[in-house]
Amino acid sequence: MKITAFNGTHKTGESNTAILVDHFLQGAAEEGAQIEHLRLAQVRIQPCTACKACWQKTPGKCVIDDDMSVLLEKFISSDIVVLASPIYADNISGLLKTFIDRLIPVGDPHWQFDENGESRHCRRHAKPTRLVAVSNCGYPEQSHFDVLRLYFRRLCRNMQLELSGEIYRGAGALLAGGVPEFAGHLASYLDLVKNAGREVVRQGSVSESLSESLEAPMVPLPGFNQVFLAKVNQLVDAQIPSKTA
Ligand SMILES: Cc1cc2nc3c(=O)[nH]c(=O)nc-3n(C[C@H](O)[C@H](O)[C@H](O)COP(=O)(O)O)c2cc1C
């Protein structure tokens, strides 16, 4: 089984999204999956120009000369794809959206009705069949993923993919492990993320009970959000030169 993760953080170095993706893929690899983690910020992807050549003149092939041709091959040869992104302005990153737009050659220009009578395009390739969504954000509440929850459902309907798991985590700055008093909570949470990778390979999707655990507060201490907010504001003040002078 081949699993490829496309990570849309705009950072080329350390990334909180990458920490989640790496743990998920590590669990999947332990169950025998062939894994790859691709950072979209490290390749060249131009925006789709909506020329539709990939539907009419060069079926299934994009005419833009950049790294997307390699990524498209990786996409259609994967059994499961992971689409990963930090939250940017309540949504996926621009880079991940650009990548998703450039997936249009995998669609067939003909239309069909889905099982609910809603229109969508036919698809050109047998793979991938499943998608796992991964995201993290700055704020601590899980409500900041509301848009993504709907978006990935709609995208999977549109692209005829099964949504096999969703891993969303607020207070993303904690994922890098810089706060010693939360180290134990972080380790337990990242074990859950690894288990999600194992479950997706073993049984096709993340179980309901594991999904619930993944959504539970990472640091289950009363008043955590207030403490976190105060710490963030202290850090913000320390980083602004005029506040420290
Ligand atoms: C342009 C931009 C917009 C952001 N918008 C939000 C937001 O709407 N909500 C939020 O909770 N965090 C937001 N963040 C914070 C990131 O989601 C957060 O820092 C995340 O941990 C970054 O993940 P990364 O290290 O993989 O890039 C934003 C960050 C950037 C750079």
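Alanine 89 is exposed, with 8 other C-beta atoms within 10 Å; here a residue is called buried if 20 or more other C-beta atoms, placed from the backbone, lie within 10 Å of its own, exposed if 12 or fewer, and partly exposed in between. This is a predicted model, in which local features need pLDDT of at least 70 and side-chain atom pairs count only at pLDDT 80 or more, while totals for chains, interfaces and linings use all residues. Residues are numbered from 1 along each chain as its sequence is written.

Alanine 89 is found in the loop between β3 and α3 (94-101), where helices (H or I, at least four residues) and strands (E, at least two) are DSSP runs numbered from the N terminus.

| Residue | Phi | C-beta neighbours within 10 Å |
|---|---|---|
| Alanine 89 | near 50° | 8, exposed |
| Alanine 171 | about 50° | 23, buried |

Another backbone feature is the cis peptide bond that joins lysine 127 and proline 128, with omega at about -5°; proline 128 lies in the loop between β5 (119-123) and β6.

In the protein as a whole, the secondary structure comes to eight helices and seven strands. Five strands form an open sheet with parallel pairing, in the order β2-β1-β3-β6-β7, where two strands pair if DSSP finds at least two bridges between them. The edge strands, each pairing on one side only, are β2 (34-39) and β7 (162-169). Within the sheet, β3 (residues 80-86) and β6 (residues 130-136) pair in the parallel sense over seven bridges, and serine 85 stands opposite serine 135 in β6. Helix α5 (residues 183-203) lies across β3, β6 and β7 and runs at about 175° to β7; for such angles, axes are lines fitted to C-alpha atoms, for helices over the stretch in contact (C-beta atoms, placed from the backbone, within 7 Å), and the angles run from 0 to 180 degrees between N-to-C directions.

Turning to overall dimensions, the C-alpha atoms of the protein fill a box of roughly 60 × 45 × 35 Å, taken along the principal axes. Of the 245 residues of the protein, 33% count as buried.

Around the ligand there are 16 residues, of which Thr17, Pro86, Cys137, Gly138 and Gly172 come nearest; a residue counts as near if its C-beta atom, placed from the backbone, lies within 6 Å.

Definitions and conventions
Two residues are in contact if their C-beta atoms, placed from the backbone, lie within 7 Å.
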